[in-house]
Amino acid sequence: MIEALASILILAGSTLTLIAAIGLQRFRDVFARMHVATKPASLGMALTLIGAVIAMAGFGHTTKLILVILFQFLTAPISAHLIGRATFRAGTEMDPETNFDELASRVGPRPRRSA
Amino acid sequence: MLQLSTTIALAALALAAALCIVRMIRGGSLPDRVLALDSLLVIIVMGLAVLAARTRQSLYLDIMVVASLLGFTGTTLVSGFIERRGAR
């Protein structure tokens, strides 16, 4: 029963990561890829690690795995935000089909460079 | 039960890592490569968790802590670099 629960959680996390990696190939520009690549960094990792917590009973193991989950939940949004900000301010071109630049009216024209 | 599911999960994670490496080589721009490297490290940490659940060895857990710390540091450094130098 415990093993079944752990298996379901681990399989859910790794399937989510696989879907995100497929999206990393199929989406068109950096911002769309960022949208898809930052989902498994928190949810997929949390599912897999909770599955591992359930599979490996023991206080020390649980503590380390929860530490990794907490750290990932702290840092994944920060690193995604940093990449997005740097990409936007460096003036990376968006795909013509994206056409959804909400910040353009607020920060003014930014330097246009080819990607 | 756990053996079978961890085998499937490891196969899925290996495929995802291969797709990330393809994106890293094909690139497009520098942020694409950084993003692919970031998700590759996430996949590596998840693979270590699956291995730890499969073999029940606690050695992998220490490596997971270090790998997730290193991934954050590297992404932060390179994004500062991109912001100063431009996405070439």
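1. Two residues are counted as in contact if their C-beta atoms, placed from the backbone, lie within 7 Å. Helices (H or I, at least four residues) and strands (E, at least two) are DSSP runs, numbered from the N terminus. On these terms, A6(A), I10(A), G13(A), S14(A), T17(A), A20(A) and L24(A) of α1(A) meet A36(B), S39(B), I43(B), M46(B), V50(B) and A53(B) of α2(B). This contact of α1(A) with α2(B) has 9 nonpolar, 4 polar and no charged residues; Ala, Val, Leu, Ile, Met, Phe, Trp, Tyr, Cys and Pro count as nonpolar, Asp, Glu, Lys and Arg as charged, and the others, Gly among them, as polar.

2. The model is predicted: local features need pLDDT of at least 70 and side-chain atom pairs pLDDT 80 or more, while totals for chains, interfaces and linings use all residues. Residues are numbered from 1 along each chain as its sequence is written, and chains are lettered from A and ligands numbered from 1 in the order in which they are written.

3. Chain A has 5 helices and 0 strands, in the order α-α-α-α-α along the sequence. Of its 115 residues, 43% are buried (20 or more other C-beta atoms within 10 Å of the residue's own, with C-beta atoms placed from the backbone). Among contacts in chain A between residues at least 6 apart in sequence, 61% join residues at least 24 apart.

4. Within chain A, helix α1 (residues 2-26) packs against helix α3 (residues 39-55) at an angle of about 160°, their axes being 8 Å apart. The two are therefore roughly antiparallel (an angle over 145 degrees). Axes are lines fitted to C-alpha atoms, for helices over the stretch in contact, and angles run from 0 to 180 degrees between N-to-C directions. The residues in this contact of α1(A) with α3(A) divide into 15 nonpolar, 6 polar and 2 charged.

5. Between the chains, α1(A) and α2(B) also pack at an angle of about 160°, with axes 11 Å apart. That angle makes α1(A) roughly antiparallel to α2(B).

6. The contact between the chains takes 49 residues from chain A and 45 residues from chain B. On the side of chain B, the elements giving two or more residues are α1 (2-26), α2 (30-55) and α3 (59-85). The largest share, 15 residues, comes from α2(B). By class, the side of chain B that touches chain A has 29 nonpolar, 11 polar and 5 charged residues.

Definitions and conventions. Angles under 35 degrees count as roughly parallel, over 145 as roughly antiparallel, 65 to 115 as roughly perpendicular and the rest as oblique. A residue is buried if 20 or more other C-beta atoms lie within 10 Å of its own, exposed if 12 or fewer, and partly exposed in between; C-beta atoms are placed from the backbone.
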